[in-house]
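Reader: I have a sequence and a model on my screen. Can you walk me through how to read its features?

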Amino acid sequence: MEVIEPEEGEIFDIELDENLQKENLRIAEENKKLLREKGVNAVDVMGSVGAGKTSLIERMVERLDMKIAVINGDLTTTIDAERLRAKGVETIQINTGKECHLDANLVRKALSNLDLDSLDLVLVENVGNLICPAEFPLGAELRIVVVSAAESPWAVSKHPYIFLDADIVAINKIDVAKLVGSDPLKMKEDVLSINPRADVFLTNCVTGQGVDELVHSLKNRLGL
Ligand code: MG
């Protein structure tokens with residue numbers, strides 16, 4: 001089939017994008033340096049709206065015996081931050097307005113509002129989106145992508161870039177896969193064909209299925 005692919009410079013905002021990304025990367029490196037100095041691990045949790053990022057963070061918080069804070073990215077609401085606060089976790093809300101992703105500068109601001117000396121781990125819930133957050137590293141040690149089997153059987157193969165740099169992937173909501181015609185094992189294959197280094201888990205964040213294994217991988221990768 002004939003496919004139109006833009007030439008270099010043909011997408012209107014490409015030059016602006018490159019400068020933004022360079023500056024974002026510089027601040028992300030500063031964030032990483034600060035976090036390492038303070039002995040705090042940070043994890044960027046990415047995925048679409050409704051994939052189950054907040055639910056996975058809730059299940060992780062229950063299983064990790066350490067001092068945790070959550071930075072919540074959302075366009076306008078505080079729904080997820082309130083859910084996590086109700087679990088006794090310190091949370092900082094970032095509302096991005098029209099922006100479809102968190103960036104390193106916003107995370108730097110949130111980190112300056114946390115007492116890093118008293119923390120072991122910062123979990124960052126990115127804005128619900130499977131495209132934009134991929135291009136904006138925040139300075140986290142690890143990146144988790146949550147993709148729901150309810151989104152589409154092609155949710156992984158249509159969003160390759162976010163999976164390229166993922167350390168851990170949760171194929172979530174596996175209990176409803178059959179209802180919507182998805183195959184979680186095929187989605188896992190799709191992830192591994194894009195990024196063979198990722199640890200991929202089939203999860204149900206309501207029952208907790210698969211979450212112990214995911215947390216085990218997280219601890220391993222952080223050297224805990
Ligand atoms: Mg959420």
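Author: Let us start inside. Setting aside neighbours within four places in sequence, Leu-56 is in contact with Ile-144, Val-146, Ala-170, Cys-205, Val-211 and Leu-214. Keep in mind that this is a predicted model.

Reader: What general idea sits behind a cluster like that?

Author: In soluble globular proteins, nonpolar side chains tend to be buried together. Now the case here. The largest nonpolar core has 26 residues. Val-43, Leu-56, Met-60, Ile-68, Leu-123, Ile-144 and Leu-218 touch the most other members.

Reader: Which elements each supply at least two residues of this core?

Author: They are E1, helix H2 (53-63), strand E2 (68-74), E4, strand E5 (142-148), strand E6 (168-172) and helix H8 (211-222). H8 gives the most, with five residues. There is also a second, separate core of 19 residues. Ile-94, Leu-116, Val-122 and Ala-140 are among its members.

Reader: Back to H2. Why is it described as largely enclosed by the rest of the structure?

Author: Count its buried residues. Buried means under 20% relative accessible area. Eight of the eleven residues of H2 are buried, so the helix is largely enclosed. The eight are Lys-53, Thr-54, Leu-56, Ile-57, Glu-58, Arg-59, Met-60 and Val-61.

Reader: Charged residues are on that list. How should I read charges?

Author: Side chains of opposite charge can pair when their charged atoms come close. In this model, Glu-58, Arg-59, Glu-62, Arg-63, Arg-83, Lys-87 and Asp-212 are linked in a network of salt bridges.

Reader: How many salt bridges does a search of the whole structure find?

Author: It finds 16. Take three of them. Arg-26 pairs with Glu-30, with the closest N and O atoms 2.8 Å apart. Both lie in helix H1, four residues apart, about one turn of the helix. Arg-26 is partly exposed, at 40% relative accessible area. Glu-30 is partly exposed as well, at 34%.

Reader: And the second?

Author: Lys-186 and Asp-190 meet at 2.6 Å, N to O. They also lie four residues apart, in helix H7 (residues 184-194). Check each partner. Lys-186 is partly exposed, with a relative accessible area of 38%. Asp-190 is buried, at 10%.

Reader: Which parts of the chain does the pair of Arg-221 and Asp-167 link?

Author: Arg-221 forms a salt bridge with Asp-167, and the closest N and O atoms are 3.6 Å apart. Arg-221 is in helix H8, while Asp-167 is in the loop between helix H5 (160-164) and E6. They are 54 residues apart. Arg-221 is partly exposed, at 33% relative accessible area. Asp-167 is buried, at 19%. The cut-off for buried is under 20%, so 19% falls on the buried side.

Reader: Is Glu-7 buried or exposed?

Author: Glu-7 is exposed because its relative accessible area is 57%, and the cut-off is over 50%. Glu-7 sits in the segment before H1. Compare sequence with space here. Glu-7 and Glu-23 are 16 residues apart in sequence and 24 Å apart in space, C-alpha to C-alpha.

Reader: What is the volume of the second largest pocket?

Author: About 260 Å³. Of its 19 lining residues, Val-49, Gly-50, Lys-53, Asp-80 and Glu-125 are the closest to its centre. H2, E2 and helix H3 (79-85) each give two or more residues. This lining has five nonpolar, nine polar and five charged residues.

Reader: And closed spaces?

Author: A cavity is a space the probe fits but cannot leave. The count here is one cavity of 30 Å³ or more. The largest cavity has a volume of about 60 Å³. Its lining includes Asn-31, Asp-44, Val-107 and Gly-139. Helix H1 (14-37), strand E1 (41-47), helix H4 (104-112) and strand E4 (121-125) each supply at least two lining residues. Eight of the lining residues are nonpolar, two are polar and one is charged.

Conventions. Residues numbered from 1 in each chain as written. Predicted model: local features only at pLDDT ≥ 70, side-chain atom pairs only at ≥ 80, totals over all residues. Heavy atoms only, no water. 1 Å grid on protein atoms, 1.4 Å probe; cavity = no way out; pocket = protein on both sides within 12 Å on 5 of 7 lines; lining within 4 Å. Points joined across faces, edges and corners; volume = space filled by probe spheres on them. Nonpolar A, V, L, I, M, F, W, Y, C, P; charged D, E, K, R; others polar. Buried < 20%, exposed > 50% of the residue type's maximum accessible area, 1.4 Å probe, protein only. Core = buried A, V, L, I, M, F, W, Y, C linked by side-chain atoms within 4.5 Å. Contact = heavy atoms within 4.5 Å. Salt bridge = Lys/Arg side-chain N within 4 Å of Asp/Glu carboxyl O.
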